[in-house]
Amino acid sequence: MTSTHSRNGEVSADFSSHSTINDAQNAKPDSIAPGEIAIGVVIGRASEYFDFFVYAMASVLVFPSVFFPFEQQLEGTLYAFVIFSFAFLARPFGTVLFMAIQRRLGREVKLTAALFILGISTAGIAFLPTYQHLGFYAIVLLALLRIGQGIALGGSWDGLPSLLALNAPQNRRGWYAMLGQLGAPVGFMIAGGLFAYMLSNLTTEDFLDWGWRYPFYVAFAINVVALFARLRLVSTPEYARLLDERELEPTNALEMTRSQGRNVIIGALAALASYALFHLVTVFPLSWITLYSMRSVSDFLIIQVIGAGLMALGVVASGLIADRLGRRTTLGACAVLIAVLSAFVPALMNGGEFGQNTFILLGFILLGLSYGQAAGAVTANFPAKYRYTGAALTSDLSWLVGAGFAPLVALGLSAHFGLAYVSFYLLSGAACSLAALSLNRALEIRD
């Protein structure tokens, strides 16, 4: 899975200061239509999310036994989640590093180098020796490759989501905002289905010996295909012209944070509820079922895959809702619903198969509705000069604060203090989102 994490469609419904330039009725012959940009966004995000979920699932199903056999399963899983978080910590550094590379060598070189590192890191995990063969150094190598994934994901920001937002028709920006977010459920369905198939058809010994490596090979192949698909669009003169027209060029990160630090923080917190829920219906329940339930893990993965399909429908619906009600209203309403759901986490997760399935399916639906409009929720606050870098760093911080440590915190709290603490964790994310959205509104009125 490599990662963690994608840039996830940093877009905004509030780009009122910009006129759309690609209406179908008056598009120029050499212009790129929003639909073509959307294809590049979906392909890029789906490949990144597949990497992300492959690694996440392996952190639960494989790494505790393969890299931490000297610990009990709970402690081994917690250690695996610590390494899982390394990519989120490294991602902002990757963004800053590769922004500098783009300023010097161009966006094609930056994107190629970033995805090359991502592919090498992913393939490297597939070939890693286990703790049994290499001892502690196997854990060190896993951590280094995970950091490599995070740095590469930070560098893979291509500006396509922001360009899509700026070129989308005025009355359909919510619709185009959600397109990049479809990568998340698509990536989960492929990764979950692949792991479920292998768990059902391989013995435990074969799965832990060689079967778990196969999804990482697949992730590497998908990255190669996605690289060429994105380069085909990024390298065109029309794309470069549109970026120049919209001033979507990298700026110095220190200069940007000094000038726009307030907007970065508000943007990172505005969608915190969505990012917290993201791992509490994907990674955390899988770890809980693996550790504390007699359920078949492969069967539970199938339920999650079905949930991801419902999430995809929720993402699509979010575009329609946001175009009618506005993105801020949509995000605020979803944060309230997430807060309500948080109160039922203990009862549902302790409610047997029916309760667990209910939590998964409802959680995925709500995740789709909220996550569909979550990324880059307030990036319109950035002046044009800072929007390219601001959107990237806002996404990095959203993932770091909201999702990077969620599996570790949720599993640690629930294992030692009870599932009620998972409710408090999710509730705090919803409260932060509502506060940030309210503050952003107040600042707009004041300004």
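**Pocket, helices and selected residues in the predicted model**

The largest pocket has a volume of about 230 Å³. Here a pocket is an open set of points on a 1 Å grid over the protein atoms alone, where a 1.4 Å probe fits, with protein on both sides within 12 Å along at least five of seven lines; the volume is the space filled by probe spheres set on the points, which are joined across faces, edges and corners. Lining residues, those with an atom within 4 Å of a point, number 14, and the closest to the pocket centre are Leu-61, Leu-199, Thr-204, Phe-207 and Leu-208. Two or more lining residues come from each of helix H1 (34-61), helix H2 (63-66) and helix H10 (204-209), and H10 gives the most, with 3 residues. Helices are DSSP runs (H or I, at least four residues) numbered from the N terminus.

This is a predicted model, in which local features need pLDDT of at least 70 and side-chain atom pairs count only at pLDDT 80 or more, while totals for chains, interfaces and linings use all residues. Residues are numbered from 1 along each chain as its sequence is written, and side-chain values use heavy atoms, with hydrogens and water left out.

Among the buried residues of H4 are Arg-107, Lys-110, Leu-111, Leu-118 and Ile-125, where buried means under 20% relative accessible area, exposed over 50%, and partly exposed in between (1.4 Å probe, protein chains only).

Thr-282 sits in the loop between helix H14 (272-280) and helix H15 (283-292). Thr-282 counts as buried because its relative accessible area is 3%. Its side chain reaches the backbone oxygen of Phe-278 at 2.6 Å. Leaving aside neighbours within four places in sequence, Thr-282 is in contact (heavy atoms within 4.5 Å) with Phe-53, Phe-188, Gln-304 and Phe-364.

Phe-424, by contrast, belongs to helix H22 (residues 420-446) and is exposed, with a relative accessible area of 54%. The C-alpha atoms of Phe-424 and Ala-343 are separated by 8.2 Å, although these residues are 81 residues apart along the chain.

Turning to the cysteines, Cys-334 is buried at 6% relative accessible area, whereas Cys-432 is partly exposed at 32%. The count of disulfides (pairs of cysteine sulfur atoms within 2.5 Å) comes to 0.

Notes: Polar contact = N/O pair within 3.5 Å; in protein donor to acceptor, adjacent residues only side chain to side chain.
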